[in-house]
Amino acid sequence: MSWNGFLAFVKDPLTEFAKGITYRLDVWGLSPELVNVIVKLLGAFVACMLSFALVILTIWVERKLYARVQDRLGPNRVGPWGIFQTVPDMIKIFTKEYITPDGADKVTYNLAPILAVSAVMLIWAVVPFAPTFFGSDINVGALYIVAVGAIGTLGIILAGWSSNNKYALLGAFRAVAQMVSYEVPMVLALLVPVLLSGTMGINSLVKAQSVWFILLAPLAAFIFFISSQAEVGRAPFDLLEAESEIVTGFQVEYSGLKFGMFFVGEFLHAFTISALFSALFLGGWRGPWAEQVPILGLAYFVIKTSIVYFFVILLRIAAPRMRIDQMLNFNWKFLVPLGLLLVMVTAVVEKLVIHYYTLWGLEFGSTNYLILRAVTHLVVNGLICVGALWLSQSFGKREPPRFDASRAVAVPPQSSESTATD
Amino acid sequence: MSSDWLYIGLFLLIVAIFPGAPILIAGWLAPRKPNPLKSQTYECGIETVGDSWVQFKAQYYIFALTFLIFDVEIVFLFPWAIAFNQLTLFGVLSGVLFIFVLFAELLAAWRKGVLEWI
Amino acid sequence: MVPLSWYLIFSAALFCIGLYGVLARKNAIAILLSIELMLNAVNVNLVAFWRYRYSEALNGQAFAVMVFAVAAAEVAVGLALIISIYRRRNTVVADDIDMMKW
Amino acid sequence: MTIEKIIFLVIAAISLGAALMVVTSRKLIHSALWLILTLFGVAVVYGILDAGFLAVAQVVIYIGAIAILFIFAVMLTRRANQDTGSQNNQYWWVAAPLSALLFGGLVWMMGSWQGYSTELPKLALEAKSGMLKQLGQLLVSPDGYVLPFELASVLLVAALIGAIWVAWDRK
């Protein structure tokens with residue numbers, strides 16, 4: 001291998017690897033169409049493998065961090081710092097018996113854990129890891145993420161419904177109330193970067209961030225972060241599993257690896273959401289010399305994602321579970337109006353910015369223009385933020401409704417038809 | 001059909017296999033000793049009272065309904081947002097009007113007391 | 001390349017299955033499900049015609065988007081009606097709801 | 001037989017089969033689940049027809065919202081759906097030949113139509129998100145669909161308020 005070839009390989013190993021495979025297959029005499037399919041299949045396989053391997057790591061990271069915050073040691077027996085702890089855990093869960101409850105709807109019951117994991121893995125098809133290494137830059141990427149999230153919600157509802165268990169069903173109902181509600185602000189928050197960049201492909205969105213979108217739209221980033229946590233369904237938004245209230249909700253009748261799959265889905269989702277956040281708002285693989293040396297872009301992306309993931313874990317450790325009415329109020333009375341207002345204001349401001357700044361002689365897309373635009377958006381966002389906080393405070397001062405009569409929380413069904421539980 | 005969508009299609013296939021295969025393997029590895037007590041509905045050791053289908057409040061349904069309407073409207077906004085830089089001021093304002101109607105809708109539901117959790 | 005006629009036959013079949021469901025099912029929710037099938041069949045037709053005959057303008061897609069809105073509104077109101085009727089009369093069978101008043 | 005044709009045939013067979021299950025299955029919740037499969041098949045058909053936005057919107061709106069609402073309604077009215085007997089009314093034997101007849105008539109009409117182009121037209125506006133941009137402009141331009149666009153918004157508001165009015169019981 002020549003020096004230049006070696007350099008190219010170090011700069012961008014995956015593209016070179018793909019080139020090599022394409023060349024080999026061409027030599028074997030396969031048709032280019034088939035070669036394309038095979039290379040793409042391999043790429044998809046690698047991405048899925050990567051995501052599964054990552055789960056093993058993130059479980060360890062999370063347990064260790066959890067332990068350190070609570071002043072414990074955490075896993076420390078298997079391997080250095082207990083890093084291989086997940087492997088024996090995996091072996092254990094692989095050899096656990098499956099118990100299918102009576103009266104479960106068999107097909108749906110078995111389909112639900114698969115749906116819950118694959119919905120998360122599907123997001124990996126559009127995550128851009130490096131300038132040259134991204135799955136597919138379909139021109140509806142942002143909406144694709146929402147669609148995939150909807151399939152995940154469906155998996156959870158099916159799990160709760162098919163188990164034939166009261167707690168599971170309660171979990172499913174809560175899942176609808178929570179995941180479905182928080183999808184609205186999430187889509188609204190996604191709308192802002194799309195509006196600012198004029199594209200929906202995730203890789204194109206990264207390319208458009210000559211100024212990180214977290215500077216242009218900090219409120220959208222905030223809404224996206226919060227609502228994506230609710231979509232994942234972890235503390236403080238773990239109402240749908242709430243061990244102490246409805247004994248893990250929709251997963252209660254699952255055992256063995258089927259139960260494990262829900263866990264894998266949750267951990268993977270938390271990490272995937274961090275990756276998405278860093279791609280959408282923190283500039284993804286962007287950084288010095290990322291375009292020339294793609295492997296650097298991958299490094300930037302991983303670093304940014306890890307930082308976001310760290311905050312996700314901290315949030316999970318530190319925040320207590322919300323009450324269901326607080327959770328719904330926060331969504332429908334704070335996040336959704338804020339999101340709607342944000343989209344409206346951003347649209348008007350952006351149009352005015354384009355119109356006036358170019359009128360004043362600033363060239364569209366020049367450095368000065370970008371800086372002024374960012375400052376304008378930042379100021380407007382700050383004003384909205386202050387206004388929203390002021391409004392919510394003056395509303396919050398009002399006396400909350402009190403319930404004098406004690407209400408029945410759980411009534412057996414035969415005693416009264418109309419009394420609802422939960 | 002562009003090759004981007006081909007990749008998504010292939011991903012769909014693989015993604016179904018990835019969690020499915022371990023579940024099947026585990027089913028083959030794991031012991032299987034079913035007995036009637038084991039497969040009872042799990043309610044912390046207490047016997048199940050009545051049907052598992054207790055009646056639920058319609059409030060959940062109202063939230064799902066509100067979500068449906070909002071979801072549909074926001075999906076309409078995505079083409080508008082993508083074409084934003086090419087739009088005339090009229091186009092931008094009609095999009096803003098669209099969002100404003102949504103906002104009014106939210107306020108109406110709020111006033112009606114639908115968003116209150118009782 | 002898939003011929004246009006295949007799409008048309010597919011959509012016709014979908015529409016007829018939906019029609020059968022609307023006419024034959026006795027559960028009101030099942031009837032709504034079948035109406036969804038019919039709306040989808042219409043959408044397939046719109047998009048197929050757009051792609052094969054008028055691909056230079058996007059009117060077909062715009063129409064399909066409008067059909068989405070109508071479908072959503074129909075489902076929202078229809079299901080709300082069914083749930084309300086179920087609450088008062090404890091039935092979801094379409095044939096039992098023929099009084100026009102109560 | 002190209003790859004595209006095979007994909008289309010498989011998808012069409014799956015969605016039509018699922019559609020048949022929607023109208024014939026005894027348990028209502030299974031009907032709703034089969035409907036999801038049908039809708040997904042239709043989304044793939046949109047994908048084959050180069051309407052990526054519609055494919056994804058189909059999944060978001062139909063599977064993510066409408067199907068969930070259906071499953072929900074089935075759960076809420078479950079007590080009335082407990083009989084697992086025949087789910088057909090007494091006129092189903094009229095409905096079956098009627099829809100078969102309609103299908104036959106439609107196919108016959110298609111056979112007599114001459115407008116099939118022999119070639120799939122190349123998409124002039126395919127270039128990445130160019131198509132979506134055009135769609136967005138079309139939806140809000142005064143000589144396009146701005147009136148239906150705003151009307152759709154008002155229609156949905158009316159639907160929401162009406163539905164809430166109907167389903168909300170004041171205690």
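Me: How many residues of chain A are in contact with chain B in this predicted model?
Reply: The model is predicted. On the side of chain B, 63 residues take part in the contact. The number of residues they touch in chain A is 75.

Me: Which helix of chain B gives the most to the side that touches chain A?
Reply: Helix H1 (3-29), helix H2 (59-82) and helix H3 (89-112) of chain B each supply at least two residues of that side. By class, the side has 45 nonpolar, 11 polar and 7 charged residues. The helix that gives the most, with 19 residues, is H1(B).

Me: Are H3(C) and H3(D) roughly parallel or roughly antiparallel to each other?
Reply: The axes of helix H3 (residues 59-89) of chain C and helix H3 (residues 52-76) of chain D come within 11 Å and cross at roughly 5°. Angles under 35 degrees count as roughly parallel. Therefore H3(C) and H3(D) are roughly parallel.

Me: How many nonpolar residues does the contact of H3(C) with H3(D) have?
Reply: Residues of H3(C), including C:Phe68 and C:Leu79, meet residues of H3(D), including D:Ile61 and D:Leu69. The contact of H3(C) with H3(D) has no charged residues and 1 polar residue. Its nonpolar residues number 15.

Me: Is D:Asp50 buried or partly exposed?
Reply: D:Asp50 lies in the loop between helix H2 (28-48) and H3 of chain D, and has a positive phi of about 65° although it is not a glycine. A residue counts as buried if 20 or more other C-beta atoms lie within 10 Å of its own. D:Asp50 has 19 within that distance, so D:Asp50 is partly exposed.

Methods: Residues are numbered from 1 along each chain as its sequence is written. Chains are lettered from A and ligands numbered from 1 in the order in which they are written. This is a predicted model: local features need pLDDT of at least 70, side-chain atom pairs count only at pLDDT 80 or more; totals for chains, interfaces and linings use all residues. Axes are lines fitted to C-alpha atoms, for helices over the stretch in contact, and angles run from 0 to 180 degrees between N-to-C directions. Helices (H or I, at least four residues) and strands (E, at least two) are DSSP runs, numbered from the N terminus. Angles under 35 degrees count as roughly parallel, over 145 as roughly antiparallel, 65 to 115 as roughly perpendicular and the rest as oblique. Two residues are in contact if their C-beta atoms, placed from the backbone, lie within 7 Å. Ala, Val, Leu, Ile, Met, Phe, Trp, Tyr, Cys and Pro count as nonpolar, Asp, Glu, Lys and Arg as charged, and the others, Gly among them, as polar. A residue is buried if 20 or more other C-beta atoms lie within 10 Å of its own, exposed if 12 or fewer, and partly exposed in between; C-beta atoms are placed from the backbone.
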